[in-house]
Amino acid sequence: MKNTGLKTIAWVCSLILIGTAWLAGCSKKVADPVTRSSFLLNTFVTVTLYDSEDQTILDGCMTLCSDYEKLLSKTLEGSEIYKLNHRRPGERTITVSEKTAQVLAEGLEYCRMSRGAFDITIEPLSSLWDFTGKTPHVPPEEEIEADLKKVGYENVLLDGRQVTFLNDETTIDLGAIAKGFIADQMKAYLEENGVKSAVINLGGNVLCVGKRPDGAPFKIGLQRPYATHTETVAALKIDDMSVVSSGVYERHFVENGVNYHHILDPATGYPYENGLTQVSIISPRSVDGDGLSTTCFALGLEEGTRLIESMDQIYGIFLTEDGELHYTRGAEDFLDR
């Protein structure tokens, strides 16, 4: 699935320390973690198990991820989102699967929460900018203006599994929230199969299952913007939670000395310019980290901080253009000092 539109997840480089062999609850000795990686969702998806060597569990994880891609990708022909976006003129109401309806419901909730700063109908603009193309460039102003008129989450109504469009030109891009939702489903699958220590990484959406086998938290690093994936601005101690970042540096290009990133403002059609470089969210659910990292980037430092501090068990780290880190209440407690 192309991760275009309002949201690109910043790469979150993993500082997970692999320990020595240990005895699991069933007294089975696990010598080393087992890992599986596959190219899915237009990124590398990696799952690492720390308390199991069962390869069939990893098979199931990748199958689950692939199945969701076949539902939620906007570019994969035959997916439910592709079909919604290529509906016949005049076709306004379409029934989707329960899984797709769940992701749409999550996306629409963040649209409402952000008052449209996060908008799942950004698709015309995200495709117009095409940050993943070979030669990305600033689109003509008249084309941006034309596509702006197609954007507006209010034109999508969801009633159970029925999706109703109020505008023939409204199309959907779930790239800003789908990976978080899928990560949560993968975690549930692992837990159902008895896994209590694992890390799920969907191209930077990192979700930890429990702790390390020795009881210590996992260590997750936040990438320094525009640096290599081994340079970090902070390291976090994470226990059974998610870390998701949105930044201006993962999908971007420079034209005439100006850096254009792909976190687009639905009100202007251009990338947000608000002094932020990156927003990282720590949360129990990865779907919330996904939605909130984009939402808070869109809202800016002050309003984004107020939003996070109004929520329970959710924490934010904001990086401004001057290189300073700003923490919401309780976020510094996760730092690995």
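In helix 1 of this predicted model, the buried residues (under 20% relative accessible area with a 1.4 Å probe and protein chains only; exposed is over 50%, partly exposed in between) are Ile 57, Leu 58, Gly 60, Cys 61, Met 62, Leu 64, Cys 65, Ser 66, Tyr 68, Glu 69, Leu 71 and Leu 72. Helices (H or I, at least four residues) and strands (E, at least two) are DSSP runs, numbered from the N terminus. The buried residues of helix 1 pack against strand 3, strand 4, helix 2, helix 3 and helix 6, where contact means heavy atoms within 4.5 Å. Helix 1 has 18 residues, and its first and last C-alpha atoms are 26 Å apart, close to the expected 26 Å; the expected span is 1.5 Å times one less than the number of residues.

Residues are numbered from 1 along each chain as its sequence is written. Local features need pLDDT of at least 70 and side-chain atom pairs count only at pLDDT 80 or more, whereas totals for chains, interfaces and linings use all residues, and side-chain values use heavy atoms, with hydrogens and water left out.

The structure holds zero disulfides, a disulfide being a pair of cysteine sulfur atoms within 2.5 Å. Cys 65 counts as buried because its relative accessibility is 0%. Cys 296 also has a relative accessibility of 0% and therefore counts as buried.

Helix 3 (residues 98–113) has 16 residues and reaches 23 Å between its first and last C-alpha atoms, close to the 22 Å expected. Its buried residues are Thr 100, Ala 101, Val 103, Leu 104, Glu 106, Gly 107, Leu 108, Tyr 110 and Cys 111. The cover over these residues includes helix 1 (55–72), helix 2 (80–85), strand 6 (156–159), strand 7 (162–165), helix 6 (178–192) and helix 7 (286–299). Just after helix 3, Arg 115 takes a positive phi of about 55 degrees.

Strand 5 and strand 7 run antiparallel and are joined by three bridges, and Thr 95 has Gln 162 in strand 7 as its bridge partner.

Strand 9 (residues 205–210) is largely enclosed by the rest of the structure, because six of its six residues are buried. Six bridges join strand 9 to strand 8 (residues 197–202), and the two run antiparallel. Gly 210 in strand 9 is the bridge partner of Ser 197. The hairpin of strand 8 and strand 9 has two residues between the strands, and Gly 203 in this hairpin takes a positive phi near 60 degrees. Strand 9 is also joined by two bridges to strand 12 (residues 242–247), again in antiparallel orientation, with Leu 207 opposite Ser 242 in strand 12.

Positive phi values were also found in two loops. Leu 41, in the loop between strand 3 (34–40) and strand 4 (43–49), has a phi near 55 degrees, a positive value in a residue other than glycine. Leu 41 is buried, its relative accessible area being 1%. Gln 313 has a positive phi near 60 degrees and is likewise a residue other than glycine; Gln 313 is placed in the loop between helix 8 (301–309) and strand 16 (315–320). With a relative accessible area of 55%, Gln 313 is exposed.

For the chain as a whole, eight helices and 17 strands were assigned. Of its 337 residues, 56% are buried. Among contacts with a separation of 6 or more, 64% come from residues 24 or more positions apart. The chain exposes about 14300 Å², of which carbon and sulfur atoms supply 47%; accessible areas come from the Shrake-Rupley method with a 1.4 Å probe, and for residues only the protein chains shown count as cover.

Notes. Pairing = 2+ DSSP bridges.
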